[in-house]
Amino acid sequence: MTGSTAGRTKSTADRLPAWRAPAATRSNAVPAGAWWLWALGLATAASRTTNPLLLGLLVGVAGYVVAARRTDAPWARSYGMFIRIGLFVIAVRLLFSVFLGSPIPGTHTVFTLPEVPLPDWAKGVRIGGRVTAEQLLFALYDGAKLAALLICVGAANSLANPARLLKSLPGALYEAGVAVVVAMTFAPNMVADVLRLRTARRLRGRPTGGVRAVLQIGLPVLEGALERSVAVAASMDARGYGRTARVPAAVRHTTNVLTLGGLLGVCAGTYGLLAAEGAGYGLPLLAAGLLAAAAGLRLGGARSVRTRYRPDRWDVRAWLIAGSGAAVAVAMIRAGNADPAALHPGVVPLTAPVLPLWPAAAVLLGLLPAVVAPVPPSPTGFQEKV
């Protein structure tokens, strides 16, 4: 770090009050796992309701935290793409409801499409016909739930550093984690390349829209993605990636049994918690599965010969961030058990959704990362200081 940059970072930290979050540095960066746990908590809450007011509040909370704490890294620009994907999901859900019909009964006809006659073996399926306001509203609620879930996951992609996420994975999952991290970062990097090429074409006075422009931009984007993949493969090979240590056969067999048995226990325990008749055995089975899977991953990590440079530290701020997402999920699950009608507004008859107060207040707990997470450096503030 140069002297001028260090001075600017120090002056930015000095301007913050003592009760505010500190300026973000390499040493106090939030672990990627904390951001993912926070986002998965919001996504879990979104999956438990179809109330559009609560879903909009969840999306607003995720968007505010992203706007307040994301950096200028390439993966931080992917949040807008997830919002577009969410809107596309809602549109597709509405189109399917219009053209393929819906089992939701309704009396308020919006319009009628020509119905395609189908053979007797396709009873229960129709194409076209009467479209009611009730079925459109049901499709809108259903699509909004999936869109909110995707947007919450997009918030984690924008806030979590993929390299730090890969570094924090257990050794047994390192190979699979590489594939997952590459898959998660491909789309943000591709979006960054498209924006860079469109800006270059605009500065040269060339058109940025139309089929011809898309074809001319697509080839450099794919070429850049291929070059990055080759560079990553070469760097991993130079660092000796893929080396494994020799372990006894008994340890390998024990690792496989513990890992597979633990995952089966987690699946069975989760099913038991979701089903009303399995609430008695669901939690003990889930806990046993988690312990067995953790033991299997611990043993499997002995095969991976690698070291960790500056491992992420889970301080109080990281636990508060992860805990705020978990608190939102738990509160939404309890609200669904206590008052399911408030979280799933009916469409027959048509009624306006009502915002339940204490579930909405619980959703606001998701704003805690915008207060406790370290503040990223502001480029505008640096320019003003210069």
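**Phe88.** I looked up Phe88 and found its place in helix H4. The model I am reading is predicted. Is Phe88 buried or exposed? Phe88 counts as exposed, because its relative accessibility is 57% and the cut-off for exposed is over 50%. I then checked a partner across the sequence. Ala147 lies 59 residues from Phe88 along the chain. Their C-alpha atoms are separated by 8.4 Å.

**Phe99.** I stayed on helix H4, where Phe99 is also found. Phe99 has 45% relative accessibility, so I noted it as partly exposed.

**Nonpolar patch.** Which residues form the nonpolar patch on the surface? I listed Leu95, Phe96, Phe99, Leu100, Val116, Leu118, Val125 and Ile127. Together they have about 700 Å² of accessible area.

**Salt bridge.** How many salt bridges does the structure hold? I found one. Arg93 forms it with Asp142. The closest N and O atoms of the pair are 3.2 Å apart, and the cut-off I applied is within 4 Å. I placed both ends next. Arg93 sits in helix H4 and Asp142 in helix H5, residues 133-159. The two are 49 residues apart, so I logged the pair as a link between distant parts of the chain.

I also checked the accessibility of each end. Arg93 has a relative accessible area of 24%, so I marked it partly exposed. Asp142 is partly exposed as well, because its relative accessibility is 28%. Both values fall between the 20% and 50% limits.

**Confidence.** I turned to pLDDT last. The protein averages 77. Residues scoring at least 70 make up 74%. Where is confidence lowest, and where highest? Helix H15, residues 379-385, is lowest at a mean of 38. Helix H3, residues 52-69, is highest at 93.

One is residues 1-18, which has ten contacts in the model beyond near neighbours in sequence. Another is residues 379-386, where I recorded seven such contacts.

Terms used. Residues numbered from 1 in each chain as written. Predicted model: local features only at pLDDT ≥ 70, side-chain atom pairs only at ≥ 80, totals over all residues. Heavy atoms only, no water. Patch = residues over 30% accessible without salt bridge, like charges linked within 9 Å, V, L, I, M, F, W, Y side chains within 5 Å. Areas by Shrake-Rupley, 256 points an atom, 1.4 Å probe, with all protein chains shown as cover. Salt bridge = Lys/Arg side-chain N within 4 Å of Asp/Glu carboxyl O. Helix = DSSP H or I, 4+ residues; strand = E, 2+ residues; numbered from the N terminus. Buried < 20%, exposed > 50% of the residue type's maximum accessible area, 1.4 Å probe, protein only. pLDDT = per-residue confidence, 0-100. Contact = heavy atoms within 4.5 Å.
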